[in-house]
Structures are given as C-alpha cells and as structure tokens.
Amino acid sequence: MEITQIRHFVRIADTGSYIKAADLLNIGQSTLSRQVRALEVELRASLFYRHGRGVLLTEAGKKFLDYARAM
C-alpha cells in the first residue's frame with residue numbers, strides 16, 4: 001500500500017466519481033482504477049459500489065476512509 005493510492009482513494013470518495021477524481025488529479029481514469037483495485041486486493045475487500053452515476057463507499061470503504069483521513 002502506497003500513500004499515493006490512499007490519497008487517490010480519498011479523492012474518489014470525496015468526488016464520488018473516478019472520472020472527476022482523475023481530472024482533479026491529472027491522471028488517467030484507468031490508472032486510478034488500477035490503483036484502487038490493487039488496494040482492494042491488498043485489503044481483501046471492495047471499497048466502492050460502482051453504479052452508472054459514480055461510486056458509493058461500501059462499509060469496508062467507509063472504515064478505510066476513516067483510517068486514510070487519520071493518516
């Protein structure tokens with residue numbers, strides 16, 4: 001787990017969208033998706049519910065967000 005992945009996760013959670021977060025971070029959406037997927041694999045939990053209009057945090061995502069903000 002890298003601090004960059006955590007920062008990117010927080011940005012997605014704040015915006016509710018991979019696309020908006022990618023635009024704000026000036027990185028590709030696919031790069032952002034890969035970073036979050038790597039976090040999910042490492043944590044062995046889904047962090048977001050994906051839907052047509054963006055994303056919502058899962059329960060595991062909410063807990064991880066609290067941890068991420070504390071860092």
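Predicted model: local features only at pLDDT ≥ 70, side-chain atom pairs only at ≥ 80, totals over all residues.

A: Residues are numbered from 1 along each chain as its sequence is written, and side-chain values use heavy atoms, with hydrogens and water left out.

Q: At what angle do α1 and α2 pack?

A: Two packed helices are described by the angle between their axes and the distance between the axes. Axes are lines fitted to C-alpha atoms, for helices over the stretch in contact, and angles run from 0 to 180 degrees between N-to-C directions. Helices are DSSP runs (H or I, at least four residues), and strands are too (E, at least two), numbered from the N terminus. Here α1 (residues 3-15) and α2 (residues 18-25) pack at about 125°, with axes 8 Å apart. The pair is therefore oblique; angles under 35 degrees count as roughly parallel, over 145 as roughly antiparallel, 65 to 115 as roughly perpendicular and the rest as oblique.

Q: Which residues of α1 and α2 meet?

A: Contact means heavy atoms within 4.5 Å. From α1, His8, Arg11, Ile12 and Thr15 meet Tyr18, Lys20, Ala21, Leu24 and Leu25 of α2.

Q: Which residues in α1 are buried?

A: Buried means under 20% relative accessible area, exposed over 50%, partly exposed in between (1.4 Å probe, protein chains only). In α1, the buried residues are Gln5, Ile6, His8, Phe9, Val10 and Ile12. They pack against α2, α3 (29-43), β1 (48-51), β2 (54-57) and α4 (59-70).

Q: Why does Thr58 count as buried?

A: Thr58 counts as buried because its relative accessibility is 6%. Thr58 lies in the loop between β2 and α4.
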